[in-house]
Amino acid sequence: MKAFLALGRLRQGASYLTQGTLGRSNLIAGKIVQVAPCCRRSHAVAANRKWTYSLDMNEDNFPAPISTYRVMDEEGRIIEKSQEPKIDDEKLIRMYKTMGLVNIVDKILYESQRQGRISFYMTNFGEEATHLGTAAALSDDDLVYAQYRESGVLHWRGFGLENLMNQCYGNKLDLGKGKQMPCHYGSKQINFVTISSPLTTQLPQAVGSAYAYKLAKNNKCVICYFGEGAASEGDAHAAFNFAATLGCPLIFFCRNNGYAISTPSSEQYKGDGIAGRGVGYGIKTVRVDGNDVLAVYNATLAAKNYCLTANKPVLIEAMTYRAGHHSTSDDSTAYRSADEVKLWQQQDNPISRAYKYLAQKNLWNETAQEAFEKETRAQVLEAFANAEKVKKPVWSEMFTDVYHDMPKNLRKQMKYLREHLDKYPEHYPLKNFT
Amino acid sequence: MTCVRSALRLLKSARDSSAISPLLTFKRTVAHFKYFEDASIPKNGETARINMFQAITEAMDHSMESDPTALLFGEDVAFGGVFRCSVGLQKKFGPERVFNTPLCEQGIAGFAIGAAVAGSTAIAEIQFADYIFPAFDQIVNEAAKYRYRSGGQFECGKLTIRTPCGAVGHGALYHSQSPEAYFAHTPGIKVVVPRGPLKAKGLLLSCIRDKDPCIFLEPKILYRGAVEEVPKDAYEIPLSQAEIVVPGDQVTMIGWGTQVHVLCEVAEMAKEKHNISCEVIDLCTILPWDEDTVYKSVSKTGRALISHEAPLTCGFGSELAASIQENCFLSLEAPVSRVTGFDTPFPHIFEPFYLPDKHRCLDAVLKLVEY
């Protein structure tokens, strides 16, 4: 790759050299016009060009990988005291509890899908620190574009268990009105743009939102989450390049969790991961230990400050691990070993690391943990049971929100369906609907 | 692509769910249709009872075996694919010929076109038809126009793109769409939809061997739900040839994929309850479609009903309706009827109301006859 880049530059250089033989001048309307060297080459790359007179095709000469930033080790011990973030105790505990909440909700909803009570679910196991490290470092009015595995951000912003459960059930209280599959959350109130299943479409959109925020001078930034698999889509290229060239204040937050369904990251990309690309686009880039909530917090806070002062994007690549299956439709034992998963969960578990850190600060202990789990589980089960009891929306909601004002053709189709349902009510699950 | 995409081993989860019926929980039926086995078995050799994903695996296996240039790739294809269509093929043919691509549909389509241009047989999988749109440019502007724009010098006829489509019970907006009409608007490609294992194997082999690029849309609910006798050997079913699945003389009903089964049941209901004789046609190939079979049938029955899951406006039913009225005008006893999905995105919880189910189709049949 680097070799090709070098070749490319050399070729460019050669063409400039040809111009140079004309006597360091440009040919305009048949006249040779002398120009100052600085004006002659306005090409962005040409401005900082260094010449070389040898070809390097040696693969060993790739640039060194970008280092991974961490604050604490696997045992929750701070490695470099100066890097310990100044977060007050109350907030630290809230961050930890929210990570735990994500985990408890996931266990219950995963099981409920297995029992056929909801149609689909996606767990966040193993990636909780990426949610809370980012969410806690941002303002609640910064705009969030999520992929589909960031429910900790929702919890932090107060989406609420009720809204979450109602969405999974698609009942009449669901903010999305029963239109999308479970896990496609969204809330205007908490600045969390509704999730869409197609991958990576949110990236260029986030860039556009950040540009609008920049012009509005509202001092808000945008964070856009995506996986390392999503980064392979063409939209990722578009987003990085637009953000860099148009100077957009947003944080691209890549959760590199090692897998895109069954495809390991080793088959997803070569080179220095997603972070390596940021450099190529001219984007300030940080690679962070995604299982270290403190490191993610520091990186996000610094990224936000940079975004808003420089009006430029930042790319954060958080190295983590998808400890659960891709979704309830997936069985990851078909492509990875149970031991691999166990090893990550035991040795580099983001929740355990946060627990150990808090315990060392005497902010948390076994007793607190037990009480928290018991209480939280009860709350989650209660919200779940409540959502289950609520009926689905009225069937005619199917026709709303296609357009701002329902056009004639849809009104006609709705009328046709109403007449059909009146005629054959016994064939439709009307009793489950409002 | 998304992933929520890996989704839906639907029938499996639907089966799991049927064991439990908690209060007010939306009870998903196993399927909105009854499967009618395909009786048109080609008369050659041994057969086995297999489902549709196995029939597709067999077709690809035969292709890989008989054509050393054949390649099979897409997202998650190596471990067998999220719908299990490529199980065992990487092991059998090696990672150079059966492989995962990075997660990028435009890349998959472009790569596949290039491989075909250079002489390989390219069998590309797009994980869900809902995620084919990033590849739209490559398919519509490139694959479809390669031969035309080069005066016949270059072409990518050895390209087949397979992708799961259609309703599945709880797929919602992005795991349920039937995008055949978008591609039917594209001269230069062929669009094919099987209705079960027997058709899937023969039609897929025809697509792979066809001299033009093909889009092969696989109704995902049939992967596991459709089981029937399928010849073990390779066989082809000609493209652009519709099949009369149920003969009849009062109403012609045209469908493809899963909807053919809905129409077969409607034909039964119309016969038993109303003594109406319906002819059911499986169009099989959407582009270029078999006009002769359709016109001959409608000229005989004088009534036509077209049914598809995709929305009404500009669905492929629109093309059929216009062509039928143009060519069978004097035979028509009633306006051509379309029973389709509504002009809304495909909704999650409202799927039972969205689908052009047997009750809506039967009601339309009665209206046609009473007209």
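Reader: Where in chain B is the place of B:Pro288?
Author: B:Pro288 is found in the loop between β12 (285-287) and α11 (291-301) of chain B. These elements are DSSP runs, numbered from the N terminus: helices are H or I with at least four residues, and strands are E with at least two. The peptide bond that leads from B:Leu287 to B:Pro288 is cis, with omega near -10°. This is a predicted model, in which local features need pLDDT of at least 70, side-chain atom pairs count only at pLDDT 80 or more, and totals for chains, interfaces and linings use all residues. Residues are numbered from 1 along each chain as its sequence is written, while chains are lettered from A and ligands numbered from 1 in the order in which they are written.

Reader: What makes strand β2 (residues 70-74) of chain B largely enclosed?
Author: Five of the five residues of β2 of chain B are buried, so the strand is largely enclosed by the rest of the structure. B:Ala70, B:Leu72 and B:Gly74 point one way, B:Leu71 and B:Phe73 point the other way, and all are buried.

Reader: How do you know which strands pair with β2 of chain B?
Author: Two strands pair if DSSP finds at least two bridges between them. Five bridges join β2(B) to β4 (residues 121-125) of chain B, in parallel, and three join β2(B) to β3 (residues 98-100) of chain B, also in parallel; by the rule of two bridges, both are therefore pairs. B:Leu72 stands opposite B:Ile123 in β4(B), and B:Phe73 stands opposite B:Phe99 in β3(B).

Reader: What makes β3 (68-69) and β5 of chain A edge strands?
Author: Seven strands of chain A form an open sheet with parallel pairing, in the order β3-β10-β11-β7-β6-β4-β5. Each of β3 and β5 of chain A pairs on one side only. Strand β4 (residues 143-145) of chain A pairs with β5(A) in the parallel sense over two bridges, where A:Val144 stands opposite A:Phe192.

Reader: How do you know how chain B is divided into domains?
Author: Domain bounds come from an automatic or database domain assignment. The division gives domain 1 (45-231) and domain 2 (243-370) of chain B, with 26 Å between their centres, taken over C-alpha atoms.

Reader: How many residues of each domain of chain B are in contact with the other?
Author: Two residues are in contact if their C-beta atoms, placed from the backbone, lie within 7 Å. By that test, 24 residues of domain 1 of chain B are in contact with 23 residues of domain 2 of chain B. On the domain 1 side, the elements that give two or more residues are α7 (180-184), β6 (190-192) and α8 (197-209) of chain B; α7(B) gives the most, with four residues.

Reader: How many residues of chain A and chain B are in contact, and which element of chain A gives the largest share?
Author: 53 residues of chain A are in contact with 48 residues of chain B. On the side of chain A, α10 (265-268), α15 (366-389) and α16 (408-423) each give two or more residues, and the largest share, five residues, comes from α16(A).

Reader: What makes a set of residues a nonpolar core?
Author: Such a core is a set of buried Ala, Val, Leu, Ile, Met, Phe, Trp, Tyr and Cys residues joined through C-beta atoms within 7 Å. The largest one has 216 residues, and those with the most contacts inside it are A:Cys224, A:Leu250, A:Ile316 and B:Val365. Residues that A:Leu250 touches include A:Ala206, A:Val222 and A:Cys307, not counting residues up to four places away in sequence.

Terms used:
A residue is buried if 20 or more other C-beta atoms lie within 10 Å of its own, exposed if 12 or fewer, and partly exposed in between; C-beta atoms are placed from the backbone.
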